[in-house]
Amino acid sequence: MTDLKRTPLYDLHLELGAKMVPFAGYEMPVQYPMGVMQEHLHTRAKAGLFDVSHMGQIILRAKSGTTADAALALESLVPVDILGLKEGRQRYALFTNDEGGILDDLMVANRGDHLFLVVNAACKEADAAHLAAHLSGACAIDVITDRALLALQGPDAEVALAAHVPAVAEMAFMDVIIAPSAFGELWISRSGYSGEDGYEISVANDQAVALTRALLVDERVAPIGLGARDSLRLEAGLCLYGSDLDTTTTPVEAALNWAMQKARRAGGDREGGFPGAARILGELAGDPTRLRIGLLPEGRAPMRAETPLFASETGGEPIGTVTSGAFGPSIGRPMSMGYIASEHSAAGTQIWGEVRGKRLPAVVTAMPFRPAGYKR
Amino acid sequence: MKYTEEHEWLRVEGDLIVVGITEHASEQLGDIVFVDLPEADTEVAKDDEVAVIESVKAASDILAPLDGTVVEVNDVLADNPGLVNEDPLGDGWFFKMKVEDLSVLDDLMDEAAYKDFIG
């Protein structure tokens, strides 16, 4: 594990009893002594604190000095309306490639005089290179390496964070602020990856431990590892890049049409103009051959990633594949996400997943598996 | 009680051997959410994959510790797999086996040897 990077919270994770695992080039906590199941349930009942410092933080600043120019430049790489993103707001986006596949998924915030991007850990070097290759004419690209990133998620997140930064109570889902605090300037969004209300908080590396300790003093807040992060996001129907999204899946196949606003679609003010537009706009107009769906196995056996899916209990060729599957602690049953031939994608369709040579019944199900608790 | 290198425990009960996984194994696996047990009256050879445990993290195979016949399985685990975490040496047992000769147990580790094994 000598080549693995560590976040500023590494020593604190060990002190808290975390089990550390390699993840996206970092040594990260997969669970604490509470265990994955209880960590998951604690986050849904109270509040969970996650170290997500391995993720990439990038600032895009237009060389013209006009943020709209940075927005228009970024629109050349994403099928998303960035120009229409108001100051103080954040939006989900996707970097696409020329074939319409997904290079990464990310968050983009308009912070007035610049755009702030949060990208996946495993993709962050490639994303920075992608931005540099295409946008360095129009934008200064600043990869932030001196800040950690925490996520505080759950129904008690607001009260726990407001004790240190009162302004967060006034934020709506997907608002972003830059707030002074006892831990220096914090960059806060009201968002996350758990299906709960909560925040992501960027803090200077040298203040990260102090902020984390201060948040953990609140007995409603518990440290949560990557294990529960994965089951929380899956219950919420959220995609994991590298599992549910990759360069072979298009945004339409991934059922992410909601992330592509009217302005970028056929007939919109800024139709197309992003990599893979021909394929993506074609799929938006017609029917993609496969779609991302949710699945609820009827029994208790989880259908994990790579489980092949069939239209019948015996015979036939696979009609799809599971891309994420786990037990859902809050729904008390296993759940999966995957891709399936479009004609089998309607909610309620009975299918079978082959687990250890046995075909087990499952039902195509709308996601999220558990309703989200976002503060709209 | 006897132990295997696969972290199973074996306990003689009359002319049968009760098999489960050790506390150490159940801790390593984490929260167990599903146990796929064999059918009763299944003949097994040592190291056959006879059962599967799914934890929140991953699936793990349970190997037959000995040649013999599985004569009874712990059906309660189907609805309450968490018993394997709560009481791995008791109510969280997996299955009962019949073997030709109980003396095969002599080759397995005793508790002291198993404790050394897991360090």
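Residues are numbered from 1 along each chain as its sequence is written, and chains are lettered from A, and ligands numbered from 1, in the order in which they are written. In this predicted model local features need pLDDT of at least 70 and side-chain atom pairs count only at pLDDT 80 or more, whereas totals for chains, interfaces and linings use all residues; side-chain values use heavy atoms, with hydrogens and water left out.

**View 1. The interface of chain B and chain A.**
Contact, here heavy atoms within 4.5 Å, links 15 residues of chain B with 13 residues of chain A. The two chains bury about 1200 Å² between them, 50% of it on carbon and sulfur atoms, where buried area is the accessible area (1.4 Å probe) that two parts lose on being put together, summed over both. On the side of chain B, V33(B), V56(B) and K57(B) lose the most area to chain A, and together they account for 38% of what that side buries.

Four salt bridges are counted between chain B and chain A, a salt bridge being a side-chain nitrogen of Lys or Arg within 4 Å of a carboxyl oxygen of Asp or Glu. R304(A) forms a salt bridge with E54(B), and the closest N and O atoms of this pair are 2.6 Å apart. The side of chain B that touches chain A draws at least two residues from each of β4 (32-36), β6 (49-55) and α2 (76-79) of chain B, with helices (H or I, at least four residues) and strands (E, at least two) taken as DSSP runs numbered from the N terminus. By class, this side of chain B has eight nonpolar, two polar and five charged residues, where Ala, Val, Leu, Ile, Met, Phe, Trp, Tyr, Cys and Pro count as nonpolar, Asp, Glu, Lys and Arg as charged, and the others, Gly among them, as polar.

**View 2. Strand β6(B) and its partners.**
Six of the seven residues of β6(B) are buried, which is to say under 20% relative accessible area, with exposed meaning over 50% and partly exposed in between (1.4 Å probe, protein chains only). β6(B) runs antiparallel to β4(B), to which four bridges join it, and the bridge partner of I32(B) in β6(B) is S55(B); two strands pair if DSSP finds at least two bridges between them. Five bridges join β6(B) to the antiparallel strand β7 (residues 59-63) of chain B, where E49(B) has L63(B) as its bridge partner, and β6(B) and β7(B) form a hairpin with three residues between them.

**View 3. The open sheet of chain B.**
Six strands of chain B form an open sheet in the order β1-β2-β3-β9-β8-β5, with antiparallel pairing. Its edge strands, β1 (2-3) and β5 (42-44), each pair on one side only. Three bridges join β5(B) to β8 (residues 68-73) of chain B, and these two strands run antiparallel; T42(B) stands opposite V70(B) in β8(B).

**View 4. The surroundings of D244(A).**
D244(A) is found in the loop between α7 (226-235) and α8 (277-285) of chain A, and D244(A) is buried, with a relative accessible area of 0%. The side chain of D244(A) makes a polar contact with the side chain of R233(A), at 2.7 Å. Beyond its neighbours within four places in sequence, D244(A) is in contact with residues including L238(A), T249(A), M337(A) and Y339(A).

**View 5. The loop residue D47(B).**
D47(B) is found in the loop between β5 and β6 of chain B and, at 44% relative accessibility, counts as partly exposed. D47(B) has a positive phi of about 75 degrees although it is not a glycine. Leaving aside neighbours within four places in sequence, D47(B) is in contact with L63(B) and A64(B).

**View 6. Backbone details in chain A.**
A cis peptide bond, with omega about 5 degrees, joins M367(A) and P368(A), and P368(A) lies in the segment after β19 (358-365) of chain A. E306(A), in the loop between β14 (290-297) and β15 (308-310) of chain A, has a positive phi of about 80 degrees although it is not a glycine; E306(A) is exposed, with a relative accessible area of 69%.

Key: A polar contact is a pair of N or O atoms within 3.5 Å; within protein, one must be able to donate a hydrogen and the other to accept it, and residues adjacent in sequence count only if both atoms are side-chain atoms.
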